[in-house]
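Please read it alongside the sequence and the model.

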Amino acid sequence: GIYIPELSTLKDIFEYLCMHHANKYLLIDEIQNLLKVNKSFFSDLQRLLDANKDIKIAVTGSYISVMKKVLEEYKSPIFGRFDLTFKLNELKFDTILQICNDLGYNTEDAVIFYSVFGGLPKYYVLLEQFKLKPEEFIVTMFIDEPQPLRKEALVILKEEVGSEFKIYFGILEAIALGHNSFGAIANYLNLEKNQITKYLHELRITYELVTKVSSLILNKKS
C-alpha cells in the first residue's frame, strides 16, 4: 500500500499533496475557511507555489471581501500568482425562468421567486427539494418555525463585514426603507455624513452590495 505520513498541519497536508501530485490539479474550495484554522496559511501556500511549479491550483471562495484581499491586494502573499481570476455573478432571470419551468412552476411563480431570492442557485435547489407553491415556500422558509432562512442573510453579512456589522446593517436597512440619498441615510442613523462615508464606500466598492446612481438633469433651452 501507499505510505501516508502523519499530517498534523495544513502546511504538512499541502506539502504532501504537492509532492505526490505533481502535474495534477489541486482544488481548494472555500479558501477563506482555511484562514480560520491558520491565519498564516497564505504565506505557506506562497512558498509551496514557488517551490512546486508543476502543481496547478484552483481556489474558490464565497466571501468577496476576503477574495479581493487574497487576489488583488499587493500585500497578499499570493498576489499575482494566479494566471486567471473571475467572478461568478448571479443567474439572470431568463435562466431562473427556465429552472422554474423545469420544476413545474409558471412565469408568475418565477417572478415571485426571483424577487425574493434573486439569481442565487442555492435557493432553487431548495425548491427542487421541497416542491411547494411560492407562497407556501416563503412561509415555510421565513415565517413558520424553525424559519430556516430568516436569519441566513444576516449571518452571512455579519461574517462578511465583521465587527462593525451594526452600522452596515443600518445603512442597508435605511436604503431598503427608501432613504437612498447620502443625507437621508445619515439622518436615519442619526449620524453625521462623514461618519458613514467609509461604510458606504465599502458597501459599494468592496462588498458590491449597493450601487451609486446619479441623476442626469438637462436644462432645456427655450
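Is Phe93 buried, partly exposed or exposed? Phe93 is partly exposed, because its relative accessible area is 28%, a value between the 20% limit for buried residues and the 50% limit for exposed ones. The model behind this and every other value here is predicted.

**Aromatic pairs**

The structure holds twelve aromatic pairs. One of them joins Phe93 to Tyr114: the ring centres lie 5.3 Å apart and the planes meet at 70°, so the pair is edge-to-face. Because Phe93 lies in helix α5 and Tyr114 in helix α6 (residues 107-117), this pair ties together parts that are 21 residues apart in sequence.

| Pair | Distance between ring centres | Angle between planes |
|---|---|---|
| Phe93 and Tyr114 | 5.3 Å | 70° |

**Leu91**

Leu91 sits in the loop between α4 (64-72) and α5 (93-102). With 26% relative accessibility, Leu91 counts as partly exposed. Leaving aside residues up to four places away in sequence, Leu91 touches Ile96, Ile99, Tyr114, Gly119 and Pro121. Tyr114 thus has contact with Leu91 and a ring pair with Phe93. Gln147 is 56 residues from Leu91 along the chain, and the C-alpha atoms of the two are separated by 25 Å.

In soluble globular proteins, nonpolar side chains tend to be buried together. The largest nonpolar core here has 18 residues, and Phe14, Ile31, Leu45 and Ile57 touch the most other members. Two or more residues come from each of α1 (10-20), β1 (25-28), α3 (41-51), β2 (56-59) and α4. The largest share, five residues, is from α3. Leu45 touches Ile31, Ile57 and Ile78, not counting residues up to four places away in sequence. Apart from this core lies another, of 16 residues, including Phe169, Ala174, Ala186 and Leu203.

Which residues of α1 are buried? They are Leu10, Phe14, Tyr16 and Cys18. Their cover includes β1, α2 (32-37) and α3.

**The second largest pocket**

About 430 Å³ of space lies in the second largest pocket. Its lining consists of 14 residues, and Asn180, Leu200, Thr211, Lys212 and Val213 lie nearest the centre. Both α11 (182-189) and α12 (193-206) supply at least two lining residues. The largest share of the lining, four residues, is from α12. By type, the lining divides into six nonpolar, six polar and two charged residues.

Key: Residues numbered from 1 in each chain as written. Predicted model: local features only at pLDDT ≥ 70, side-chain atom pairs only at ≥ 80, totals over all residues. Heavy atoms only, no water. Buried < 20%, exposed > 50% of the residue type's maximum accessible area, 1.4 Å probe, protein only. Contact = heavy atoms within 4.5 Å. 1 Å grid on protein atoms, 1.4 Å probe; cavity = no way out; pocket = protein on both sides within 12 Å on 5 of 7 lines; lining within 4 Å. Points joined across faces, edges and corners; volume = space filled by probe spheres on them. Nonpolar A, V, L, I, M, F, W, Y, C, P; charged D, E, K, R; others polar. Core = buried A, V, L, I, M, F, W, Y, C linked by side-chain atoms within 4.5 Å. Phe/Tyr/Trp six-rings, centres within 6.5 Å; stacked < 30°, edge-to-face > 60°.
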